Amino acid sequence: MWIARTVDDCRRLRATLGGRVAFVPTMGALHGGHVSLIEGGRRLADHVVVSIFVNPTQFGPHEDLARYPRPLEEDLRRCEAAGVAGVFCPPVEQMYPPGEPAAAITVPALADMLEGEHRPHFFGGVCRVVMKLLNIVRPDVACWGRKDYQQYRVIDALTADLHLPVVNVVLPTVREPDGLAMSSRNVYLSTEQRARALGLIKALRLARALVEEQGESDPRAIEDAMRQALEAHRLAVDYAAVRHPRTLAALDCVEPSLTGGVIALTAAHVDQVRLIDNMPLGAAG
Ligand code: AMP
């Protein structure tokens, strides 16, 4: 497995890979969700390249950039064990050379709502780093986790609009046995906070039951029920929303059998730790 720390080395080593390349961009602190993306990439292509880069431009000034976990040696071992061909793990100066004017890339129609409303820096930073990474690695396929569903939708729209020759694939959310979505940020949680974090999956399962078992069709009623379930776990809710799975637009009516399903999305704080999750409801599920 090669390890590239500069843009030039990454380009040179990537060029040695014959056949199709799948790319798994990450911020490291790898867990089972990342490994399932690597495994998905191996099924879809001849080689998998992983990037490990804690991208400063997607963090707001009061967010967790400084304390974000960075267990690089362990991450590299996990990549090697998972059959990764190469890892790109650049220092910040490689990705953002000092003095270079910043490009601004966004997809406002998808990025200004939900996560973008609560984290105004987020999608500008994500779009910028993803465009850089795709241009450096030049993969045939890029693998994205459904856990960050809005991110996948934004990037898929971005690469389609800019005619990038990459196929974006979204793979299922990997969960702990009790349903908590795996996340690099779960290490911040105490035992008591970890228990309260289950409010996210409980709220999403409640939304699914309301639609699929009780035929609830009023999105506001589903959103209210999700919010109550989150608050019952003493979570501070950023959003609890039922949306169109492609446009992420708000809906007047939930008709899973007619629309091909809808998606419930939520973000909430367990004290200082912010977590997100989502679940398809109805036919899409
Ligand atoms: P991150 O390192 O958190 O930026 O995530 C890198 C990639 O892993 C993104 O495509 C995420 O959507 C994906 N990912 C994160 N957590 C999970 C999970 N629990 N299941 C599946 N994919 C995930």
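Okay, a polar contact here is a pair of N or O atoms within 3.5 Å; within protein, one must be able to donate a hydrogen and the other to accept it, and residues adjacent in sequence count only if both atoms are side-chain atoms. With that in hand, His34 makes one: an N or O atom of its side chain sits 2.9 Å from an oxygen atom of the ligand.

Quick housekeeping. This is a predicted model, where local features need pLDDT of at least 70, side-chain atom pairs count only at pLDDT 80 or more, and totals for chains, interfaces and linings use all residues. Numbering starts from 1 along each chain as its sequence is written, and side-chain values use heavy atoms, with hydrogens and water left out.

Back to the ligand. Taken alone, the ligand exposes 490 Å², and the protein buries 93% of that (Shrake-Rupley areas, 1.4 Å probe).

So who's around it? There are 16 residues, and Met27, His34, Asp148, Val174 and Met182 come nearest; "near" is a heavy atom within 4 Å. Among the elements, α2 (32-44) gives two or more residues to that shell, as do β2 (21-26) and β5 (141-145). α2 gives the most, with three. Helices and strands are DSSP runs numbered from the N terminus: H or I, at least four residues, for helices, and E, at least two, for strands.

Last stop: how do α9 and α10 meet? Their axes, lines fitted to C-alpha atoms over the stretch in contact, come within 8 Å and cross at roughly 150 degrees. The two are therefore roughly antiparallel, meaning an angle over 145 degrees.

Note on methods:
Axes fitted to C-alpha atoms, helices over the stretch in contact; angles between N-to-C directions. Parallel < 35°, antiparallel > 145°, perpendicular 65-115°, else oblique.
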